[in-house]
Amino acid sequence: MSPAAPYASVMARRMTDPEFHRAQMNGTYDARVRDVNEFCDVLICEKRDDIGEGPHVAPHYNAAHASILALSSNPGPMAGGQAGSGFLSHENDDGSAERMNRLFKDVGLSDEDVMPWNAYPWQVHDDFPNGLVAAHIDEGIVVLRRLLEIAPKVRVVVAHGGDATWCMRKFRRAYADFFDERKLVVIETRHTSNRAFILPPEKRLEAEESIRESYREAMRLVGLEPAAYTRAIEPDASPIERAIAALEKARNSGAAPVAAARGYVGSLTTPSLQKLAADLLVATIDT
């Protein structure tokens, strides 16, 4: 069994559990995160007078082994704020972390293989709630280069949202030789924040699936096999939720469910739902 067993995630928002949080605090400089968290200490010292304390990477991740970097914008208030855990973690007490936690479970991505980071690693969320500015990105790419030297196994960066995408595009231009030498791959995807999911129900489902697919792609690129995923459907699920579940089952199980999914598309009574489900079916079969 992996040495990560004591940190294995079984539920979301565990940073609210004092025992779990204490275990993470006690493990801040465990070998699996020592290098990255000593680097975080350096970053905290660089900005303490201006910004204050910053978060570390939670030791339920194995930063020393991770081949996938999950890049977001900047630490949220439940990571680096006064009420925060002090960690970058999908176990934090906020909707974005909880969504990330669930999506990782859906695709079978272990904390042994992924670590979190931000385009700007210091906590400026309160002052810049609508996103970073160019100066943040310019400073963030320098820090990211330093981080990647510490994390030489990272091969894929999943860039969540506009700031992370901006960061990686600028990083690639600024450090083209380094980018090519490391054979880095960037996958651009949606942010997991609640704001990014202010969408109609069917669009939320599509958005979540797009993030799952981004991580499936990342996992395949680093030699990991994504888990089969079938959505659990509640008795009162909407027609589109049932259609999407049928399509996901089709992708995971082969030709017979594809035929069943086609039949379900035809059973939908609203033309707009039929079109959306049919488009999803085509996309599912193509993947």
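Modeller: Helix α2 (residues 34-47) packs on helix α5 (residues 134-150) at an angle of about 155°, with the axes 10 Å apart. Helices here are DSSP runs of H or I with at least four residues, and strands are E runs of at least two, numbered from the N terminus. Axes are lines fitted to C-alpha atoms, for helices over the stretch in contact, and angles run from 0 to 180 degrees between N-to-C directions.

Biologist: Which way does α2 run against α5?

Modeller: The angle makes α2 roughly antiparallel to α5. Under 35 degrees counts as roughly parallel, over 145 as roughly antiparallel, 65 to 115 as roughly perpendicular, and the rest as oblique.

Biologist: Which residues make the contact?

Modeller: From α2, Asp35, Val36, Phe39, Val42, Leu43, Glu46 and Lys47; from α5, Glu139, Val143, Arg146, Leu147 and Ile150. Contact means heavy atoms within 4.5 Å.

Biologist: And by class, how many of each in the contact of α2 with α5?

Modeller: Seven are nonpolar, none polar and five charged. Nonpolar covers Ala, Val, Leu, Ile, Met, Phe, Trp, Tyr, Cys and Pro; charged covers Asp, Glu, Lys and Arg; the others, Gly among them, are polar.

Biologist: Before we go on, what sort of model is this?

Modeller: It is predicted: local features need pLDDT of at least 70 and side-chain atom pairs count only at pLDDT 80 or more, while totals for chains, interfaces and linings use all residues. Residues are numbered from 1 along each chain as its sequence is written, and side-chain values use heavy atoms, with hydrogens and water left out.

Biologist: OK, α5 and α6, what angle?

Modeller: About 65°, with the axes 9 Å apart; α6 is residues 161-174. That makes α5 roughly perpendicular to α6.

Biologist: Who touches whom there, in α5 and α6?

Modeller: α5 contributes Ala134, Ile137, Asp138, Ile141, Leu144, Arg145 and Leu148, and α6 contributes residues including Trp166, Cys167, Met168 and Phe171. That contact of α5 with α6 has 10 nonpolar, no polar and four charged residues.

Biologist: Now cavities. How many of 30 Å³ or more?

Modeller: One. The largest cavity has a volume of about 80 Å³. On a 1 Å grid over the protein atoms alone, a cavity is a set of points where a 1.4 Å probe fits but cannot get out, and lining residues have an atom within 4 Å of a point. Points are joined across faces, edges and corners, and the volume is the space filled by probe spheres set on them.

Biologist: What lines the largest cavity?

Modeller: Among them are Cys40, Leu43, Ile44, Trp117 and Trp122. α2 gives the most, with three residues. The lining divides into nine nonpolar, two polar and no charged residues.

Definitions and conventions:
1 Å grid on protein atoms, 1.4 Å probe; cavity = no way out; pocket = protein on both sides within 12 Å on 5 of 7 lines; lining within 4 Å.
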